[in-house]
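Q: Could you take me through this model, chain by chain, with the cut-offs spelled out?

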Amino acid sequence: MTVKLSSRTEGDTAVVVLEGEINSTTSGGLQAQLLPFVGQGSRLLIDLSGVSYVSSAGLRTLLIVHRRAQQLETRVTLVGLSEEVRFVMSATGFLDFFDIEEDLDAAREHTGR
Amino acid sequence: MTTQDVRERVDAFPTRRIGGHRVRAGRPFPYGAHPVPGGINFSVYSDRATAMRLVLFERGARHPMAELEFPPEFRIGSVYAMTVFDLDAENLEYGFRADGPFDPGAGDRFDAGKVLSDPYARLISGRDVWGREPDWDDVYPYRAKVLDDDFDWGDDTPLGIPTEDLVIYETHVRGFTRHPSSGVSAPGTYAGLREKIPHLKDLGVNCVELLPVFEFDELDNPRTDPATGGRLHNYWGYNTVSFFAPKAGYAATGRFGMQADEFKTLVRDLHRAGIEVMLDVVFNHTAEGNEQGPTISFRGLDNATYYMLTPQGEYYNFSGTGNTVNCNHPVVRDFVLSCLRYWVSEYHIDGFRFDLAAILDRAPDGTPLPNPPLLEQLAHDPILRHTKLIAEAWDAAGLYQVGAFPNYGRWSEWNGKYRDTVRRFVKGEPGLVGELATRMAGSPDLYRGRTASASVNFVTAHDGFTLHDLVSYNDKHNEANGEDNRDGANDNHSWNCGEEGPSGSAHVRDLRTRQMKNMLGILLTSQGVPMLLAGDEVGRTQLGNNNGYCQDNALSWFDWGLVEANAELLAFTRALIAFRHAHPVLRSADHPTGSDRVGSGYPDIGWHGVRAWDPDWSAHSRVLAWMRCGRHAKGGTVRDDHVYVAVNAHWESHDLELPGLPEGQAWHLFADTGLGAPHGPGPLGAEPELHHPGRYHLGPHTLVILVGRDRRTG
C-alpha cells in the first residue's frame, strides 16, 4: 500500500493532494515529502479526499507536520476527510488540533485566521 | 549540539541475526516493548525459566512469523532483553515462549507449548470489538502490541481537587452510553462517554470512578441466561487480562488499535470540565483462575512469583476467583507500583479504587501484615504522592478492615458501615439514631486520627441494588444470572415501600421517590466523600437484580429516557450536589468534635430531636436532626451559612423545634423531600425564609434541609 502525493501552488497557499492509506509503512516517507511545503507559504491545504484510512502512525505524522507548521507560522488545513477518517480523528482527539474544511472550495473561502 | 539536533545513538545498530531478524542485546529497562532508534526493545523477567523466546506475529496472523531465542548474553540477572530492528510496530503482535519445569508442587507451571502475553503490554489485541466472537482455537488469544505512547496533553495534569471536596460518580464505560437512547455517535465507548460530559457537568460531580478499564475478556463467563439461553458476559470486568492496557472493546477505535489515544482524550476532556478520573483496579487476582484456568501470562512466566501458593503449590483463593496475586512479593510489588505510576504519568489518572484491597496487605503465605510493604510504598511513592487511593477494605476470605486498613495517612476506604446504617435507618429500623449520627459525622469511630475524607460514603454502588431498586424490592431477583438466584448479596437492608417491584399505586411510588431523596439528602450532607452510582440520579432500575456483573443489556445500561421521565429526581440530585459545593461547612477535613472551637456560640455540630438541643438517642427513636455551624467551615478558615438537616424515618409526622439563630438571622428552606414538584429545592442563596421562625412540620419518611443566614432586609 502506498500513498501518492501531488501538489500545486495557489497564490500563497500550497495545496497537497494525497491518495491511498497513511499508515506506518507510508507515513515516514510522507512526512519527509510534506515537510518541505511547510514554511513555503502562509498556508498548507492537505486534501485527504482520496485517503481511505489514516492509522495511529499516520495521525501522528499529520500532527507533527502541523506542529512544525505552527512554529513556522504556516497554517495547516485538512480538507475532504472521509466519514471514517473524521470519526477516528474525533474519537482520538486529533481532530481538535487541526483546521478542518469540507472541501477545497470551502477552504479557499475561509482564508482568514 | 542543541536540543534540536538529536545525535544518532551508537548502539542503534544490530550485532547479529536471530530467526532471520537483525538484533542486538537489549536494555532490561523498561520492561515490555518500547520503540528505540531503528527497532523495538523487548524485555521480560522470568526467574525460573530455562529458555525464553520472543514470538513475533504479523497483525492477526494465525502463525508466528518468527521466534527468536534469547541467547545467554542477552540476559542480565533474570531479565531477558533484545532489540529487534526493522519491525513495523503498527502491524506487529508479540509474545513470549518460556521453557522451564512443570512441577506444581514446587510452584512451577512452565509450558513451552503456550505463547504468553507480556505482563507489561500497553496494548492488547484479541478482543478489539466488544462481544465479537473470537477464533477460539487461536494459539495466542490476547496479543501484546507496541504502543505509540506520545500524546499531546498540552498543559493537562491531574486536577488535585482536595479529597474532601469530591463528589464521586461511579460508572461503567460501556453501560453509560450503550443504551440506544444515549444518542451518542459511538455508543458504549470512551468516545461516547466523552460526548456525555455535559450531563456530568450539569449534575455537578467532580470525579468519575470507572469500573475496570484494564483489558479483560468479556467472553470469559461460561454461563447463559436460563430464560433466553443467551450468552452472559463478564460485563463488569473484574478479571484482568493485562494491567497496562486499556480495554480495546471500550474504544470506538479499538479495531484500529487506537484505544490509548481515545481513552487519553476522554481523560483530557473530563479534566477540562473540572472532573477527575478514578479507576477501579483489580490487583487481587488475574484472569488466569485456578489450576484449571487458562495460561495467559503470569502462570507461564513465573507462577511462584506472581501467585500466593500453599506449601503444596496450590493456589490460595482469598479473592474468591481461583487465584490470589502475591502482592507483597518484591517483584510483584514492583509490578503493581510500575503499573499505577504508568496510569498516573501516561494517562493522567487522578486516583484509584482498589478492589478487595485487604488482599494487598497479605504476606505471600496469606497472613495479614501489620506493615504491608506494598501499601507503604504506594503511600509514599513520588509519582503517586497526590493520587487518591481508596480501598475496598475487605476480601473474599473474611478479612474485614473497614476502619483498620493500613493507611499511612493516605488511604481512604469504601465505608460499608455507612451504607448499611443509612439504608437501615431510612427504611425505618429502630435503634439507629446514634449510629446514624456517627456515620454522617464522617465515622470518627472508625477513622479516629485520620481526616474525614478517609470515609468514602455511599448508599449504592455497582455491586448491589440501585437506589431505585433499594426502595422497590425487599428481595434480590437474580434469576437471569443463571444461578437460581443464589448469587448476589442477601443482606441488602432494602424496603419495597409496600409492594414488590413496579407499582401502580401512587402512594407507593411517592413514598419511593421520597425515600430515594432522603438517602441522597443524607449522603450529600454527610461529612466524608460522597459517592453516587451512575443512574441513581434518574432512578435507574435493574428490576431487582443486585448482581449485574454478567448483564450486558438494558438491565445494566443507563436508560437516557429516564432523564426526562424522572426529571424531578434529577433536578433534586443536581440541587443537592450544588448545595454541597456551595457549603464548605459540609466538607471540612477534620471530624467535628461537638464543641465550639471558634467562639461562635455554637458547637461545630449540634444534635437535635423533636426538641432543639435534645436529641432522642433511645432505641425507639426514628428522628434525628443536626446543625452545622457555618463559622466552623474548613476548620474556621471560611465563613459559611449554618446548615440544619432533619430526617424523620418514622411513618408519622413530627413537629420540630428548631435551634435558635444569632440575632438578625433566620432559617430558610432549601429542600423538603415531602414537597414534590414544583416545590423543588433551591434556588441556592435565595431560599425562602420559613413562615414560622422556630418550628418545622416534618412529614412521615421525610428529610428537610434548612439554611441559617441573615434575614433579607428591605
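**Folds, contacts and local geometry**

A: Among contacts in chain B between residues at least 6 apart in sequence, 72% join residues at least 24 apart; two residues are in contact if their C-beta atoms, placed from the backbone, lie within 7 Å.

Q: What kind of model is it, and how are residues numbered?
A: This is a predicted model, in which local features need pLDDT of at least 70, side-chain atom pairs count only at pLDDT 80 or more, and totals for chains, interfaces and linings use all residues. Residues are numbered from 1 along each chain as its sequence is written, while chains are lettered from A and ligands numbered from 1 in the order in which they are written.

Q: How many helices and strands does chain B have?
A: Chain B has 14 helices and 30 strands. These elements are DSSP runs numbered from the N terminus, with helices being H or I of at least four residues and strands being E of at least two.

Q: What are the overall dimensions of chain B?
A: Its C-alpha atoms fill a box of roughly 90 × 65 × 50 Å along the principal axes.

Q: Now chain A: in what order do its elements run?
A: Chain A has four helices and five strands, and from the N terminus on they run β-β-α-β-α-β-α-β-α. Its radius of gyration is 13 Å, close to the 13 Å that the globule rule gives for 113 residues, so chain A is as compact as a globular protein of that length. The C-alpha trace of chain A spans about 30 × 25 × 25 Å along its principal axes, and buried residues make up 42% of the 113 residues.

Q: How many residues of each chain are in contact with the other?
A: 12 residues of chain A are in contact with 18 residues of chain B. On the chain A side, helix H1 (24-34), helix H2 (56-71) and helix H3 (83-91) each supply at least two residues.

Q: Which of them gives the most?
A: H2(A) does, with four residues. By class, the chain A side divides into four nonpolar, seven polar and one charged; Ala, Val, Leu, Ile, Met, Phe, Trp, Tyr, Cys and Pro count as nonpolar, Asp, Glu, Lys and Arg as charged, and the others, Gly among them, as polar.

Q: Back to chain B. At what angle do H6 and H7 pack?
A: Helix H6 (residues 330-347) of chain B and helix H7 (residues 373-380) of chain B pack at about 25 degrees, with axes 10 Å apart. That makes H6(B) roughly parallel to H7(B). Axes are lines fitted to C-alpha atoms, for helices over the stretch in contact, and angles run from 0 to 180 degrees between N-to-C directions. Angles under 35 degrees count as roughly parallel, over 145 as roughly antiparallel, 65 to 115 as roughly perpendicular and the rest as oblique.

Q: Which residues make that contact?
A: H6(B) contributes Arg333(B), Val336(B), Leu337(B) and Leu340(B), and H7(B) contributes Pro373(B), Leu374(B), Gln377(B) and Leu378(B). The contact has six nonpolar, one polar and one charged residues.

Q: Where does Leu356(B) sit?
A: Leu356(B) is in the loop between strand E19 (351-354) and H7 of chain B. Leu356(B) has a positive phi of about 40 degrees although it is not a glycine, and it is buried, with 24 other C-beta atoms within 10 Å.

Q: What does Ser319(B) touch?
A: Beyond its neighbours within four places in sequence, the contacts of Ser319(B) include Leu356(B), Asn284(B) and Asp395(B). Ser319(B) lies in the loop between helix H5 (298-306) and H6 of chain B, and it counts as buried with 23 C-beta neighbours inside 10 Å.

Q: Which peptide bond is cis?
A: The bond from Phe29(B) to Pro30(B) is cis, with omega near -10 degrees. Pro30(B) is in the loop between strand E2 (21-25) and strand E3 (32-36) of chain B.

Methods
Buried ≥ 20, exposed ≤ 12 C-beta atoms within 10 Å, placed from the backbone. Rg over C-alpha atoms; globule rule 2.2 N^0.38 Å.
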